[in-house]
Amino acid sequence: MKKLESYHDEIKHCIRCGACQAVCPVFEVMEREMAVARGRLRLIREALEGKLDLTDKMRDYIDLCVGCRLCVDNCPAKVNTDQIVISARHKFVDVKGLPFLHRIMLEQILSKKGNFNMALKSLGLARGTRLNKLLPEQLKKKEEILPTIPQRTFVDKMKEMTLDTGAPKKVGFFLSCMDNFMFPEVVEAAIKVLQKNDWDVVIPTDVNCCGAPHHVYGDWETAAKLAKKNIEAFQDAEVDYIITDCATCGSVLKEYGEMLSGDAMEQKGKEFAAKIMDINAFLIDVVKMKPGQNKVSQTVTYHDPCHLVRHQMVSEQPREILQAVDGLEFRECSDADRCCGGAGTYNINHYDVSMKILDKKIENVKDTTADILATSCPACRIQLSYGMRRAGLNDMVVHPVELLARSYED
Amino acid sequence: MQDNIINELYQVIGKENVLTDKEDLICYSYDATSYSHLPEVVVVPSSAEEISLVLKVANKHRMPVVARGGGTNLCGASVPIKGGIVLAMHRLNKIIEIDGDNLVATVEAGVNTEKFQQAVEAKGLFYPPDPQSAKMSTMGGNVAQNAGGPRGFKYGVTRDFVLGMKVVLADGTILDIGGKTIKNVTGYDLTKFFTGSEGTLGVIIAITFRLLPLPEAKKTMLAVFGDLMDGARTISSIVKNKIIPVTLEMMDQETMGLIEKSKPVGLPTDAAAAILIEVDGSEHEVERQMKKIEKVARAEGATDVVVARTEEEAAKLWEGRKAAFGCMALSAVTPITEDATVPRSKLPEMVKFIKDVAKKYSLSIPVLGHTGDGNLHPIICTDENNLEEMERVEKAIDEIFKETLRLGGTLSGEHGIGLAKQKYMELEVGQDGLNLMRQLKKAVDPNNILNPGKIFLQETEQINEKA
């Protein structure tokens, strides 16, 4: 990954035309110049030129970026603000270390599957005994964002599944933490859809967190360690494609080559990255999937995860899937490709800003009057579900493959 | 800044709306030019009353005050070069009224231009001024700078739509001027006095605009030329033939190339020039105008005339045009946009002159502009760190302005004077004109607290220039 210093020239190409103000979701709700690309780039430039110290306040402003890439897409000068922001965070980690809460989250929870599992189990326990009601108000709201935690993880469930059906083709599947712990049904649906289309699925269970949270918060060292473990987990899979239903995982898995640049495993990283594909794109472009005969008589709309539509340029395929299911009526949502404010743990770290962004999204979803909201990222799903509950709406948020799975006979 | 002034500001507007950390000040130190200077404090008001109180504090302590909307200024007018207070106007963002019975609308200064346009269009009404920064600019900023845009050719500029306003004077007086009537000759025309005053005469809080009915139909077409001069002549010829389309936007090859590199919208990059033309009116009138324009363009040498088939196709072409200024940043870190404007008949002469100057000083100067009204935007693509080149840039600008004035034109069609064009002011308005302007300024702002250092040249002032 590129160090912050190497972006100095690129930052100079921000001529402050202000085009980012028109699209930035954070600026839309905060209306302050430090909450938009132009302001962030200026702060970074002043720091690079020795006119501003790396202060806590500057770090806060850099952290306010939701990473949606809307500004990059809209920037006439094509300044890669999202990458520059990530490099700035890395600079802060380099010089000042990780802030305490990030350190706990990134080093102790997200990097270690056992701890992550335990944390979520504890949450389930706290909820079961209603201990969560005793949390202070601010924390209680944040805790409410998380969905119901299922009793069994996907890895538990997988022990009873037959993955090797002797199908002619096989594909690797990167199991995301969120799917494993919170949405095992999505993985089950993905397996069903693929098997119905004559593809076997190989799911290594010794994968780790994809490293996305570490990567975007500047802890590149841990991110690289995780990348190596994940590459090794697929070492013996003998597959040409590795798919994932998590837009965030997909976006960062595709960067393993750059994340390991200079490392002995760089080449392996590149090869691994080249195999990564979003499940929607894979089903349409490679599998050329055929939906089942079952009718799903409902209306559906779709939310584009930033990590899919702008980081991976996938937006048509999920819609094609939804439109292919018999009976399912697709309704386009206005501003479908605008950020939902979830952004991993952004909703926890910047609750108020995140909720304002979310409310705009939910209004648009509401206007479609669709029964179901589909999206292709578990992080968006958590946020959108919470938004639906907050607005008193039916919490019907699913992955497109879940709807597709319903079209097949069992 | 002294603590006592900050404390007074806390008292009148609340601590949470007074920003003094360096990180905050940096974010309000610039606009879309290369000038910058740190303010001492950023204040985020939400009402005329709050702004009045802030101005009373500022006036008492002789603190400079600069109102800032979208910060998209192209002449440095919103850069706080004397420090002091920046008023960030975004919280004043209410559309107060869209009055269809009287064809007027009243908005607060911080309302976004495009949102305002969309809101009136949703009611079948039309606010024509369309600065190309409309997605980011504010109505208060548009009025303070008297913004123009492509549609100025047919409909005029912001000034032609301002009927009334609420403005806060330097001493804190809140003043309502003008009103909802189209006709109003009661005393001096104070609304026009504040319009285009670049924040030097008062802080604009709310504005009442005249609206038009939304035209029944509109179409966009693109006339393509193998020679830039054919394009320039076509513009003069269309006007001579008494056709008034909404826009006549000419772009030369360099401009189109840069736009296409950043936002591929389908401009003919192999052509020497193209004119983006929009016509509106009744269906019948639109058809008639398009036919006539095509005939004139072809007679002047257009190699092709293409009509956008759908609204989406038209919108895409316009999206490219709107991004033009930003696209210059692909080839240069310091794009200097000029906005020399000449009488329409002189357009071909001026275009040729600019191209000759570019050659003479070995500079890259893509030319685009709202050419229908003689308003050219030569964009000098340079790098201010290249001092040798900057000298040539300076000379080129001098020559362009002198020629503009010789042809009976003006220094600025729509961007304003701010910092960028101060030194040429006297050339156009003369010593007497300048003196009268200074006297007017002194009469309304005797302590010179409102956007000091703008419009009028002050040799002694230090400006921190930076790309």
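Start by selecting A:Asn208, which is buried, with a relative accessible area of 13%. Buried here means under 20% relative accessible area, while exposed means over 50% and partly exposed is in between (1.4 Å probe, protein chains only). This is a predicted model, in which local features need pLDDT of at least 70, side-chain atom pairs count only at pLDDT 80 or more, and totals for chains, interfaces and linings use all residues. To find your way, note that residues are numbered from 1 along each chain as its sequence is written, chains are lettered from A and ligands numbered from 1 in the order in which they are written, and side-chain values use heavy atoms, with hydrogens and water left out.

A:Asn208 sits in the loop between strand S2 (199-202) and helix H13 (212-216) of chain A. Helices (H or I, at least four residues) and strands (E, at least two) are DSSP runs, numbered from the N terminus. Now show what surrounds the residue: leaving aside neighbours within four places in sequence, A:Asn208 is in contact with A:Ser111, A:Phe174, A:Leu226, A:Lys229 and A:Asn230. Contact means heavy atoms within 4.5 Å.

Next, stay in chain A and select helix H3 (residues 37-48). How many of the 12 residues of H3(A) are buried? The count is 10, so this helix is mostly covered; among the buried ones are A:Ala37, A:Leu41 and A:Glu46. Just past H3(A), click A:Gly50, which takes a positive phi of about 75°.

Now for a pair: select helix H4 (residues 56-63) and helix H6 (residues 81-96) of chain A, which pack at an angle of about 145° with their axes 10 Å apart. Axes are lines fitted to C-alpha atoms, for helices over the stretch in contact, and angles run from 0 to 180 degrees between N-to-C directions. On the H4(A) side, the contact is made by A:Asp56, A:Met58, A:Arg59, A:Ile62 and A:Asp63; the H6(A) side includes A:Val85, A:Phe92 and A:Lys96.

In helix H9 (residues 137-145), A:Lys140, A:Glu143 and A:Ile145 are buried, and the buried residues of H9(A) pack against helices H8 (113-128), H21 (346-349), H22 (351-368) and H23 (378-390). In helix H20 (residues 316-324), the buried set is A:Gln317, A:Pro318, A:Arg319, A:Ile321 and A:Leu322. Their packing partners include strand S5 (299-303) and helix H24 (400-405) of chain A.

Time to switch to chain B. Select B:Thr138, in the loop between strand S7 (125-126) and helix H5 (139-145). Is B:Thr138 buried or exposed? It is buried, with a relative accessible area of 3%. Among the residues B:Thr138 touches, beyond those up to four places away in sequence, are B:Gly69, B:His90 and B:Asn112.

Last stop: B:Val296, in helix H10 (residues 283-299) of chain B. B:Val296 is buried, at 12% relative accessible area. Select B:Ser237 too: the pair is 59 residues apart in sequence and 7.0 Å apart in space, C-alpha to C-alpha.

Note on methods. Expected span 1.5 Å × (residues − 1).
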